[in-house]
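Let's take a walk through this protein together.

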Amino acid sequence: MAASRLSLRGGGARGKNAASSPAARLSRQADALASAGRHAEADAAYRAALEADPTLGGTRNNHGNTLRALGRIAEAAGAYRAALAHGLDAALVHYNLASALRQLGETGEAEAAYRRALVRQPDHAEAWNNQANLLRDADRLEEAATGYRRAVTLRPDWGDGHDNFGSALYLLHERGAVDAAARLARLWRRDHPGNPVARHIGAAIAGDGAEPRAPDAYVRQTFDLFAEEFDSKLAELGYRAPELLAARVAADGESSEGGLDVLDAGCGTGLCAAALRPLARRLTGVDLSGGMLERARARQLYDALEEAELVAFLSGRPSAFDLIVAADVLCYFGVLEEALAAAARALRPGGRLAFTVEALEAAGDAPHRVATHGRYAHRAGYVRATLATAGLEVAVFDRDTLRMESGAPVAGLVVLARRPALSPG
Ligand SMILES: C[S@@+](CC[C@H](N)C(=O)[O-])C[C@H]1O[C@@H](n2cnc3c(N)ncnc32)[C@H](O)[C@@H]1O
């Protein structure tokens, strides 16, 4: 949340002489030091400028930004208030004050300051977004969603804004405000038909029928944004798919330890790599998200990492792998036929495919269903039938807990299947 800097305007002395006054010169020096990240020196220069002319509102605002950068948030709030008191009644100063107050936990005051910023500048997308963050944290989800909607209307290409909007709608739906969430989700899709998050999550929350699988652009955008905190977040959720699959592969007996061509399909940040490396002559990872792959690369456990769509990647590599592992990846596919058939063809005869999906246990006979968080769950019978159609034999088909979500265990299917040794190919 970047603070907004002001040039030497508003409040204080004005005119030609003001711009060349000693106070103005000191203030410009302070701005330059702050821009160079030399905040302690900037702090001293701002103080000197304000001693020379206490009425410089812009200088007080910029001093507030430097104080925030130094972690002196209460002093920063004081500086923004002083800027306002010296006549700099600008949206950006109210916005900066709101951000500092939010950091201080003074949420009521912060909300009022965001409101003042938005009255003065109704097209301030970041203020709508950050005010919505505050409302979301206070569990005022419908108001938050409405704020995020304003933010993405003003900045339609803002990935974080869409992501926040989707998360608020998800929470709203979870809390039982299903109709309100669906109404906002439909507006979201209508207003942003080209945005992949609006398209996929909007449809899931509105209950308007899912796509056969999550669009590639949605997957890429979602995981690029999530990449940095993926590992810590999944650790918090007790994510176990990599270890569950590794245990099934190890227990299967047939291991030519260290001699396999292994594909980590949808490798993400590489959470499966440590378990797969000892099995592999060559370990390849493939993923749609460049952000996730960057983290996988940092592990230095893969021989090759490819940024590609999984089915297209598999289709170009007939009989290339002895083992394909897809942990928590096929939950971004509703229809599994294409992916499982492509995996079967990419395996050598006798090769194995290990994967998890979320189990669809609700009554009904739909083979798969997309949930409001955008992942699909699959019915066990459908998974078995699709494996058979792809020519894969089931070696293991277990139910287990994949992770926690909203405090409840997520039931999954943990599957190991084999391409028959004498498959016709
Ligand atoms: C939940 S993460 C799991 C990552 C890793 N397998 C793990 O267990 O930590 C799902 C990954 O699948 C990738 N993914 C989803 N659909 C994909 C597709 N069609 N092609 C390639 N990668 C895909 C995403 O980019 C993401 O990195």
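## Around the ligand

Let's begin with the shell around the ligand, which by class has 15 nonpolar, three polar and three charged residues. Keep in mind that what you see is a predicted model. In total, 21 residues surround the ligand, and the closest are Tyr239, Gly266, Asp287, Glu309 and Leu310. Which helix gives the most to this shell? Helix 13, residues 216-236, does, with three residues.

Now look at some individual atoms. Tyr239 has a polar side-chain atom 2.5 Å from an oxygen atom of the ligand, and Asp287 places one 2.6 Å from an oxygen atom of the ligand. How much of the ligand does the protein bury? Taken alone, the ligand exposes 590 Å², and the protein buries 99% of that.

Next, find helix 19, residues 380-389, where the buried residues are Ala380, Tyr382, Val383, Thr386 and Leu387. Why do they sit on the same side of helix 19? They do so because they cover an arc of only 165° around the axis.

What covers the buried residues of helix 19? The cover includes helix 18 (337-346) and several strands, among them strand 5 (347-359), strand 8 (393-405) and strand 9 (408-418). Finally, helix 19 is followed by Gly391, which has a positive phi, near 85°.

Conventions:
Residues are numbered from 1 along each chain as its sequence is written. This is a predicted model: local features need pLDDT of at least 70, side-chain atom pairs count only at pLDDT 80 or more; totals for chains, interfaces and linings use all residues. Side-chain values use heavy atoms; hydrogens and water are left out. A residue is near a molecule or strand if one of its heavy atoms lies within 4 Å of it. A polar contact is a pair of N or O atoms within 3.5 Å; within protein, one must be able to donate a hydrogen and the other to accept it, and residues adjacent in sequence count only if both atoms are side-chain atoms. Accessible areas come from the Shrake-Rupley method with a 1.4 Å probe; for residues, only the protein chains shown count as cover. Helices (H or I, at least four residues) and strands (E, at least two) are DSSP runs, numbered from the N terminus. Ala, Val, Leu, Ile, Met, Phe, Trp, Tyr, Cys and Pro count as nonpolar, Asp, Glu, Lys and Arg as charged, and the others, Gly among them, as polar. Buried means under 20% relative accessible area, exposed over 50%, partly exposed in between (1.4 Å probe, protein chains only). The arc is that of the directions from the helix axis to the C-beta atoms. Contact means heavy atoms within 4.5 Å.
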